[in-house]
Amino acid sequence: MTDIARLSVPLTLWLISFSGLYGLHGLVCSGHWTRLAGSGAEVAGQTALIAGFLAALLVQAVAVAVLWTQRFGGPPGFVRTTSLALALVALVATLWTLGPSVALPACAWPSATVAG
Amino acid sequence: MTDPKPARRAEALRLHRKLLPIWSSDQRFRGWLTTNNNNDIGGLFLIVATIFFVIGGILAMLIRAQLASPGSAFMGPEAYNQVFTMHGTVMMFLFAIPFFEAMAVLLLPGMLGTRDLAYPRLGAYGLWVYIFGGSAVIIAMLLGLSPDGGWFMYPPLSSSAFSPGIGPDVWLLGITSIEVSAIAAAVEVVVTVLRYRAAGMSLARMPIFAWYILVVAVMILTAFPPMILGSLLLEVERAFGWPFFQTENGGDALLWQHLFWLFGHPEVYIIFLPAAGMIATILPVMARTRLLGYAWVVAAVVALALLSFGLWVHHMFTTGIPHMGLAFFSAASTLVAVPTAVMIFSWIGTLWQGKPRLELPMLWILGFFATFVIGGLTGVMLAIVPFNWQVHDTHFVVAHLHYVLIGGYVFPMIAAVYYFLPLLTGHSRFFKLGEIAFWITVPAFHLTFLAMHWAGILGQRRRTWTYDAGSGWEWINLTASIGAFAMAIGFALVIGDVVVNTLVARKARRNPWGAGTLEWATMLPSPVYGLASIPVIAGRYPLDDDPQLALRIARGEGFLADTSRNRRETLIVSTTGGEPAQVAVLPGNSVLPFILAVVTSTSFLAPLVGAYLLSGAALIGVVVVALIWAWGLGSKADEGPVDAGRGVTLPLSTEVPDPPGWWGSLMLLLADSVHFGSLLFGYAFLWTVAPNWPPPSYLAPGAVDAVLAGAGAVALLAGPRWAARSILKGAGPWPGLVLAVLGAVALAGAATGIILARPDPAGHAYDATLWLLAGHVGLHVAITAIMLGYLTARVLAGYTSPRRIGDARIVQLWADFTALTGLVALAAAWLPGVFG
């Protein structure tokens, strides 16, 4: 089962961080956040999202580093190669899918929706 | 000197004759109800799924007949709504998933080099639940009681206020029962692939289809639970008024969309990946080479599966989501094109390096390439938010999903049926109707759905029963309808061709395609016992590596060729390396799966006619039959390690700490965890975004409740552990069992406190959610209590010993889950009250 874990953990971590950041985004754009953070809610929200993104990147980078070692990545062969490839995929997926947290305002709605 | 060949042949024949009576099903009529052999179960699955495909196809023709001309009087809106809802429902739930399950049940044991799946009775149970649930849905349709709100059942349209009949209930209860069947099959597949393989078949040597189906089975275990939860919430709302989706009482209709698409998007890949696995299996054989980039394909399958769980919101782009949320899911949706492309390039490269032959399976695979790539590209278009907004709910989306599902699933599955026809029927194709069918079906498909893309871009909405003359869509729709009818003729020819070739074609020779994988090592058709002995392999293509392997297997030169123990035995190997680890004894024929399916289906379907009492009684029946089922397994005496052949002795799987039941429980609890996680997600979603929150008041936990919960969980964690250790040491398990029961009672007490404190679950979504959380705890405490009672009886009856601690370990696993999720559920219920 260790090998199955090696293969599945990196992208599972991506899924957790992706869902977590989306959940945080929902919270940041809700009334709870404004009550919690007060007047600086917008900046605090954006900061929290960026921090979450960076934390997710860090986790993925650590996963790659850990799987690179002989101790956790296992002996050379099919599982090691595949799990390392998947860890790199998870790192790129984190960068690509959660990158918008740096580039976009947290709670701007499309204008058509606002008008609607 | 005598020729050794006849002697060897006689040896193989002798073994065959010994194995047959051990593995055969009852040849009388009752054999249909008692068989659990994978050949029988898979064959029945395949036939029933094909019947549902025909029903779904007829419904599609009705849709196209209606839309062939503007203002058509062929059907009214009420009938049309039922027809398109049932078309989607039948094709997605009653055809697509069961069909690949059927192929997996039929083929997987042979591919892996084992004799049957891990839980043959569970497979039979899944089959019957599927047949009963599917039949109920179809009978309801024939009675005019179908759901009519689309296969996705969005509330508030599907709520009791706007859909007052039993149509949505048919969908919610019927489909949920079928999902139970799918989960049963998934548990079986995961454990089989991980543990039931040929000796030496390490993870790196597994046939590529095994990887695909393993990933798909895990996806079923993790994608179906949100849907099951959604169905439960909607059914409870419809039946008892608990307002999960009613905005005015703290609910939110969007919660349904989240739960549905958390299932619905991975579902697309659950359907596509088995077909892709078939391509990866068949294509190299057709190209007379080996799959290019095996490891990359495995990585792509795993990546695609996990990424597919991050796409669900792209079905909700028009529901009013901030830019950032849209960007997250748009980016994730484009990303899945990468692993898909890795597979496509692997297959193109395989063709490139080989010497392809244009047999019929290959034709259908080429049809797949031409179609699926277009479907994939329109998928990338739909991932882009502005384009998605423009074509949302138009026929463009309908065309896209049919390119993916028919091109990406049906065409490869037809290729697979033709490719495996000799293995399944023992016949080689003689009549050449298949080629004609191909050349009708594929062009007709493109005629139909290319036209439909066009209609969608021009603005034709989906799920509308007619359109006005002069809209500019008339010729497009007529073209699509002509194409659809031609396509139906093509599919009918395929089915006819397969049936005729199954019944009357010439006998096939062994391994007619010259494949290298183990499923072709048997005589044709594959006998009930599969392989006469379990081989030892040293590569991914064992029949290529050793051309004599099939004969050596037949002569009993592998493991478990000794039939003197007169029972169904197969090999369990270590997960990673494939080293022989245990001998599994598979159960014989039994009517119990059929009976359990009857009571399970009754418990699901009786509420449709208001027979809640019958449903409750059936539920008790489920418990009773399940206990009888479990009681019949195991043994009252230690047998010790047994001779597995080739000079190796191995323990029986009932005499190890992790018996097959433990692995099955682990997989079932994975699905249960996701179900529980989905419940927490729903709670958090409502708390965060539902308009009418907070509720008038939050539940405030008392000190007694907290103590009960904490102490109960600790006792439930410790008790079964203590009991298992006592059994291991040969001591009585009673103190541990008593402690566990006390823990269960305490945890149940804490959950009851919630229900007593908030007596009206219909008042606000918060109260309804609290009842669900308490219900989760209560249900699992009840399951654990029943299991503790069962374990007590097993100990008293002598079914446990220091060797036979499997039962105790399984109970421990369930008790751990109950304690841990119980604590989390209670904490979640109390948390808002603690922080105000």
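Visitor: What am I looking at, an experiment or a prediction?
Guide: This is a predicted model.

Visitor: What scores does the model get for ipTM and pTM?
Guide: The ipTM is 0.94 and the pTM is 0.95.

Visitor: And what pLDDT does chain B average?
Guide: Chain B averages 94. In that chain, 99% of the residues score at least 70.

Visitor: Good. How many helices and strands are in chain B?
Guide: Chain B has 25 helices and 4 strands.

Visitor: How does its radius of gyration sit against the globule rule?
Guide: The radius of gyration of chain B is 27 Å.

Visitor: What does the C-alpha trace span?
Guide: Along its principal axes, the trace of chain B spans about 95 × 75 × 50 Å.

Visitor: What share of chain B is buried?
Guide: Buried residues are 58% of the 836 in chain B.

Visitor: And what share of its contacts links residues 24 or more positions apart?
Guide: That share is 81%, counting the contacts in chain B with a separation of 6 or more.

Visitor: Let's talk domains. Which ones does chain B have?
Guide: Chain B is divided into domain 1, residues 37–504, and domain 2, residues 694–835. Their C-alpha centres lie 39 Å apart.

Visitor: How many residues does each domain of chain B put into the contact?
Guide: Domain 1 of chain B gives 8 residues and domain 2 of chain B gives 7.

Visitor: What classes are on the domain 1 side?
Guide: Where domain 1 of chain B touches domain 2 of chain B, there are 4 nonpolar and 4 polar residues.

Visitor: Switching topic. How many residues do chain A and chain B bring to their contact?
Guide: Chain A brings 39 residues and chain B brings 26.

Visitor: Which elements of chain A give two or more residues there?
Guide: They are α1 (2–28), α5 (78–98) and α6 (100–103) of chain A. The element that gives the most is α1(A), with 14 residues.

Visitor: Which residues are bridge partners?
Guide: One pair is R568(B) with L586(B) in β2(B). Another is E569(B), whose partner in β2(B) is V585(B).

Visitor: What about the turn between those strands?
Guide: The hairpin of β1(B) and β2(B) has 6 residues between the strands. G578(B) in that hairpin takes a positive phi near 75 degrees.

Visitor: Are these strands buried or exposed?
Guide: In β1(B), 6 of the 6 residues are buried, so β1(B) is largely enclosed by the rest of the structure. Strand β2 (residues 580–586) of chain B has 7 of 7 buried, so β2(B) is largely enclosed too.

Visitor: What about L560(B)?
Guide: L560(B) also has a positive phi, near 60 degrees, and is not a glycine. Its loop lies between α18 (549–554) and β1 of chain B. L560(B) is buried, with 24 other C-beta atoms within 10 Å.

Visitor: And where are cis peptide bonds found?
Guide: One runs from L524(B) to P525(B), with omega near -10 degrees. P525(B) is in the loop between α16 (474–504) and α17 (542–545) of chain B. Another joins W693(B) and P694(B), with omega about 0 degrees. P694(B) lies in the loop between α21 (660–689) and α22 (703–728) of chain B.

Note on methods:
Residues numbered from 1 in each chain as written. Chains lettered and ligands numbered in written order. Predicted model: local features only at pLDDT ≥ 70, side-chain atom pairs only at ≥ 80, totals over all residues. Contact = placed C-beta atoms within 7 Å. Rg over C-alpha atoms; globule rule 2.2 N^0.38 Å. Buried ≥ 20, exposed ≤ 12 C-beta atoms within 10 Å, placed from the backbone. Domains from an automatic or database assignment. Nonpolar A, V, L, I, M, F, W, Y, C, P; charged D, E, K, R; others polar. Pairing = 2+ DSSP bridges. pLDDT = per-residue confidence, 0-100.
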